[in-house]
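Trainee: I have a model open and would like to go through it by question and answer. Please show it first.

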Amino acid sequence: MLENTKKLFELIQEKNELHKKCLSNLQLNKQEYEDLENLIKYYKNDLCIDLEEQATSYIVVLNDTLEETKYFIEHNKYRYSSLKEVEDKVYLNKDYMKKYMIGLAISSFIWNAHIEVRRYFAEYIDSKKEQENTYLEIGPGHGEFFTKALRSKKFKQYYGIDISPISCQMSENMVKNQIGNLNIKYEFICKDFTKCDFDNKADLVVMGEVLEHVEKPLEFMQNVRSLLNDDGEIFATIPINAPAIDHIYLFSHPDEVKKLLKEAKLQIKECKYFMANNYSLEKALKTKNAIVMAVVLVKE
């Protein structure tokens, strides 16, 4: 384990001793450990976020997720159901959103489902043919997917749309640090996607855990479909029974997602499931444990 990663894990364990088993059981490959080390150094050296603050940010995300999970178990619903309820609390809250993005980025190297989704997206991008025209990511968050897509050089132009100014800035900072000058056109648009007039057609639309953040997911997906080229694809991950502080739309079963996509006139080309705690899909559904459903979609 590399130096900064080791120190960060030690700090996380000091703050949450129960997390020691999770960290000691991690099975990352060499490249993933290097990627995590580079992420930690980027936050520390370029954004002046020391290891203590990074560990605290991760613990904030962990504790808030556990708190929302308790609420979900007790009430069988998410705590919030509208954008208005979470917008000021999360997306427009500079201090919280910064911690949230850092903590989520680190979790993608610790939480099993997040690790598997990251690997799946990397394989998917690597499989794309070169020099397609337009890549559009809705909700780039901390910028990991966007950075991976840029590094692939598979598209001529890249766009990211996010409601949070903090997310847009952190995504752009990450790109500049991790990629440098690639001489490829990219732009981050800080707007609510539902109110954004994006006049390009995309060859690939990427949505990493976005649909659970919107009030009207069917209408949202219909709008996404309208931006897709006839032979384009959508790569989306959708959490099921996965409470978080800003999750407002609850999907309880994959069939609900499939029904919605069919109504939006989208066809599932590929579908995979990634479960928390290494559960099987059947066990996760029975116990209402978190599932991430990953789909590649095309127009019907």
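Trainee: How many salt bridges does a search of the whole structure find?

Mentor: This is a predicted model, in which local features need pLDDT of at least 70, side-chain atom pairs count only at pLDDT 80 or more, and totals for chains, interfaces and linings use all residues. Residues are numbered from 1 along each chain as its sequence is written, and side-chain values use heavy atoms, with hydrogens and water left out. A salt bridge is a side-chain nitrogen of Lys or Arg within 4 Å of a carboxyl oxygen of Asp or Glu. Searching the whole structure on that basis gives 17.

Trainee: What is the area buried between domain 1 and domain 2?

Mentor: The chain is divided into domain 1 (3-108) and domain 2 (112-299), with bounds from an automatic or database domain assignment. The contact (heavy atoms within 4.5 Å) takes 41 residues from domain 1 and 31 residues from domain 2. Buried area is the accessible area (1.4 Å probe) that two parts lose on being put together, summed over both. Carbon and sulfur atoms give 63% of the area here, which is about 3200 Å².

Trainee: Which residues of domain 1 lose the most area to domain 2?

Mentor: Together they account for 23% of what the domain 1 side buries. They are Tyr-78, Tyr-91 and Ser-108.

Trainee: How many salt bridges are there between domain 1 and domain 2?

Mentor: The centres of the two domains, taken over C-alpha atoms, are separated by 20 Å. The count of salt bridges between domain 1 and domain 2 is two.

Trainee: With which residues is Thr-65 in contact, leaving aside its neighbours within four places in sequence?

Mentor: Thr-65 is placed in helix H4 (residues 51-75). Its C-alpha atom is 31 Å from that of Ile-179, 114 residues away along the chain. With the sequence neighbours left aside, the contacts of Thr-65 are Trp-111 and Pro-243.

How values were computed:
Helix = DSSP H or I, 4+ residues; strand = E, 2+ residues; numbered from the N terminus.
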